[in-house]
Amino acid sequence: MQELRDLAKKLLLDKQVNAILGYEWDRRGARPAFITEAGDCDRLVFDHRCVQNLAAYLSPRRANIAQLGRLAVVIKACDARAVAGLIRENQLKREDLVLIGVRCGGVVVNPSDSEQLNAENIAPRCVGCEQREPTLADHLVGETQSAPVGKANRDLRLSEIEKLNPEERLSLWTSLLSQCTRCYACRQVCPMCFCERCIADKTQPAWIESSPHSRGNFSWHLTRALHLAGRCVDCGECERACPAGIPLGLLNHKVARIVASRYGYAVSDDPSRETPIGSYRLDDEQEFIA
Amino acid sequence: MNNRRMLNKTDFEDFVDSLLRAGITVIAPVRREQGGEKVEYRPIHSPAEIVLSGQPPVRPLKEVVFPPTEPLFNWKQTKASVQIEEVPTEFKETVVVGARPCDAAALEIVDKVMGWDYRDELWFGRRQAVTVLSLACPQSDDSCFCTAVGLSPESTRGADWFMSSVDGGFEIEILTPKGEKLLERCKDRCRETKGRTNAMPSLDAKVRANLNIDPGKVREWLEKHFDDPLWSDVALRCHGCGACAFVCPTCHCFDIVDELDGIGRGQRRRNWDACQPALFTLHGSGHNPRKDQTARFRQRIMHKFNIYPARFGEVLCTGCGRCIRACAAGMDLISILSEIDRKSAEEGA
Amino acid sequence: MNLYQPQLMRIEEIIEETGDTRTLKLQFENPSVAEQFDFKAGQFGEYSVFGAGECTFCIASSPTRKGYIEASFKEVGKVTRAMRRLNVGDTMGFRGPYGNHFPLDEMKGNNIVFISGGIGLAPVRCVIWNTLDLRDQFKDVTIIYGARSVADLVYKRELQGWAGRSDVKLYQCVDPGGETPDWKGEVCFVPSLVEKAAPSAKDSYAVVCGPPIVIRLTLPLLEKMGFAPERIYTTLENRMKCGLGKCGRCNVGPYYVCKDGPVFTSAQLKALPPEY
């Protein structure tokens, strides 16, 4: 922790950055912190309760954050994939940011969860995560972490759903999505949902009905999952933010598995790596056209 | 005859069962499907589903009288002429069992805006059809602050019956004519009783420890501090979604949209909306009166703790804490209100 | 019939004002609704195209002209686009009248100065005709109006009519670069035209509507010229949905623009946060 605070202090004092975007404790666990004074750097913390993906704050559309000036951002490996995505999709310039990578052995589901990380409370997405630290970083802090261990198994859950027949699957998702009230927390916390005007907000034509009925909710969530194909960094923020408890991560995970099997692509924190959606290859499968 | 009754647990369940058999919709806190410990208000099929302990339901009671989406009318067009088909403003009899006091109170608070000058028949139509049986709050957590906004874990506001858990059953206080009418349905099952026995220790002190402020002082401070560094500091964290508003029992902003159901027919609907997304106030011209998150976040606090009190005489908040629990960014109304309280004391001194 | 259900209106006439602005003359389909309908200058309504949605406009015609209302609109979004596709004889929806109004009774016996820019003439036009239809009850009537270019001037026929009246002083301008060779009016911005016209503040009321920039520059100017802030009236155009003080959208400071407004005095605006 001291290493992180000292580094942040130095970055501010050397005027390398105007603000540090990191984590601090509040009454209910960890929350995002925006620190502009070197004297406040001792508020910075990092542990398994720092679940938020701070890359969401880096969108150029966040005018009040852009006003802070040059930022240093604390990122876990999964967050680094989002920063890489933003750079890859021309939302950010690598040189405009200082990236403080933190070593991570998995996080809990909610920042207010237990002080101890264990196999019961670990976020399902962390189980099987192979990246202990980001490659895309200017600095790396924290102790070496061991691979997270957990009981949750998303692939098992997915294969259970895949085993259902289409009617059963439809009825499962109809029931889950019926809880959506279209607060768009999923979109707002998503670092890759940075569109100037989201398709869900377009009115001419209104591609996606804004009403939270079955038709509108299906169009919204399926469209979002497809727009994140090969782009979702699996930070789990949409699912965590959903006040309706919809397992949105399952949709994204399913799409990611399809992208992996068809294009041999897994989202990485290398901004120069070409993505299936952003590149064209003659040998891409295109049987859906014929 | 006084207005207090005792109903033992089996009789209570029989009573709920009799309501169901009479074709009355019964809504109660139940476990969320695939949601672990989480609870939500839903129509039940059997009294066994009811969960009266634990955390408050994730979403408040407001959707029972104000659905997330509802048709305002249907229309059909033939050539140049349009026919409008009205939607009913009378609704099916519904009984809510086990409402949290913070949720029941919210209905009365929102009645004011729904009824000033123009009366919203869809809101009041459902209000009329719904009988609310509140339960003395069984569990609070670190997000609760009802005592800071003039309510309490035993507040009877907005309830037709107020129920307290006692050994072997419930002690019931009948509060309204609607409550009396419902009592007719279980007269034989309950017996008269004297005052409240307070079998459960009150959560009052525990909730008060979370936040202890004077909303009047907060309002005075807000009145004078449209511009304050607090707004821009706190708003940095806000993602601008509608989660806080959609889980709020008192937030009532809405949108009106047209949808087509086919060629030449469709409906106009109203949908929940929230003041935090940029689109809420965006003009067709591109001008946006609340152009950044700082302005939008301030509006949320101002509306609840200054504008609504000025207009309707009380804060637009029941201290249920749902906005705090729901916020992905850790926006914490308790911290914000205590900060305002602190600033106000500092300036007053 | 709930609050949100509109009355049906038939389009009687479509007047092309400019390249992107039109006026629709509307009549209630139900004769008994038409009979009972009444409004005051400054009030607004929720106009709708079925399938596209609702949009808020002032009633641009005068309450002294019975049997119809007029709405002037510029194509900017989904609903106004759909409105442009409508033809004479088509059906629209209307809810209203909503909101407060200009205090015509209080203004009687005084001079009135009307100032507006662009399509901001629509709410002002309603008061102008109301005043002119009761001409003997007012003293001097001055109209100061400007638009970006000659092509952008709305209500051209009426402007000509007012120019020809001896009981109306009309000043017109277009922004520099917006003039045509035969343009007879001034070439300047609306606030400069106000200075040129130099209306007397004595026993006068001002009614100002237009784009935010015109309002922002004109209100202080009028005060400098001696107009009391309580005698300068304008309308706010916050985005609205319900029009009934429920949906929360038009809320600014302590006001619900749809119920406390849309007509406000300059004195009221000064006390408001700059969120309109």
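Chain C contains nine helices and 15 strands, where helices (H or I, at least four residues) and strands (E, at least two) are DSSP runs numbered from the N terminus. The radius of gyration of chain C is 18 Å, close to the 19 Å that the globule rule gives for 276 residues, so chain C is as compact as a globular protein of that length. That radius is taken over C-alpha atoms, and the globule rule is 2.2 Å times the number of residues to the power 0.38. This is a predicted model, in which local features need pLDDT of at least 70 and side-chain atom pairs count only at pLDDT 80 or more, while totals for chains, interfaces and linings use all residues. Residues are numbered from 1 along each chain as its sequence is written, and chains are lettered from A and ligands numbered from 1 in the order in which they are written.

**Chain C: overall build**

- The C-alpha trace of chain C spans about 50 × 45 × 35 Å along its principal axes.
- Of the 276 residues in chain C, 49% are buried; a residue is buried if 20 or more other C-beta atoms lie within 10 Å of its own, exposed if 12 or fewer, and partly exposed in between, with C-beta atoms placed from the backbone.
- Among contacts in chain C between residues at least 6 apart in sequence, 70% join residues at least 24 apart; two residues are in contact if their C-beta atoms, placed from the backbone, lie within 7 Å.

**Chain A: overall build**

- Chain A has nine helices and five strands, and from the N terminus on its elements follow the order α-β-β-α-β-α-β-β-α-α-α-α-α-α.
- A compact globule of 290 residues would have a radius of gyration near 19 Å, and the 20 Å of chain A agrees with this.
- The principal axes of the C-alpha trace of chain A extend over about 60 × 40 × 40 Å.
- Buried residues account for 45% of the 290 residues of chain A.
- In chain A, 72% of the contacts between residues at least 6 apart in sequence join residues at least 24 apart.

**Chain A: sheet**

- Five strands of chain A form an open sheet in the order 2-1-3-4-5, with mixed pairing; two strands pair if DSSP finds at least two bridges between them.
- Strand 2 (29–35) and strand 5 (139–141) of chain A are the edge strands, each pairing on one side only.
- From one strand to the next, the twist averages 30°.
- Strand 1 (residues 19–26) and strand 3 (residues 71–75) of chain A run parallel and are joined by three bridges.
- Opposite Ile20(A) stands Ala72(A), in strand 3 of chain A.

**Chain A: a helix pair**

- Helix 4 (residues 154–163) and helix 9 (residues 248–263) of chain A have axes that come within 10 Å and cross at roughly 85°; axes are lines fitted to C-alpha atoms, for helices over the stretch in contact, and angles run from 0 to 180 degrees between N-to-C directions.
- Helix 4 of chain A is therefore roughly perpendicular to helix 9 of chain A, a class that covers 65 to 115 degrees, with angles under 35 counted as roughly parallel, over 145 as roughly antiparallel and the rest as oblique.
- Helix 4 of chain A contributes Arg154(A), Arg157(A) and Leu158(A) to the contact, and helix 9 of chain A contributes Leu250(A), His253(A) and Lys254(A).
- This contact of helix 4 with helix 9 of chain A has two nonpolar, one polar and three charged residues; Ala, Val, Leu, Ile, Met, Phe, Trp, Tyr, Cys and Pro count as nonpolar, Asp, Glu, Lys and Arg as charged, and the others, Gly among them, as polar.

**Chain B: strands 4, 5 and 12**

- Strand 4 (residues 69–78) and strand 12 (residues 265–272) of chain B pair in the antiparallel sense over seven bridges, and Asn74(B) has Gln267(B) in strand 12 as its bridge partner.
- Strand 4 of chain B also pairs with strand 5 of chain B in the antiparallel sense, over six bridges, and Trp75(B) stands opposite Ile84(B) in strand 5.
- The hairpin of strands 4 and 5 of chain B has two residues between the strands, and Lys79(B) in this hairpin takes a positive phi near 50°.
- Ser81(B) lies in strand 5 (residues 81–86) of chain B and is partly exposed, with 13 other C-beta atoms within 10 Å.

**Contacts between chains**

- In the contact of chain A with chain B, 29 residues of chain A meet 38 residues of chain B.
- The side of chain A that touches chain B comprises 13 nonpolar, eight polar and eight charged residues.
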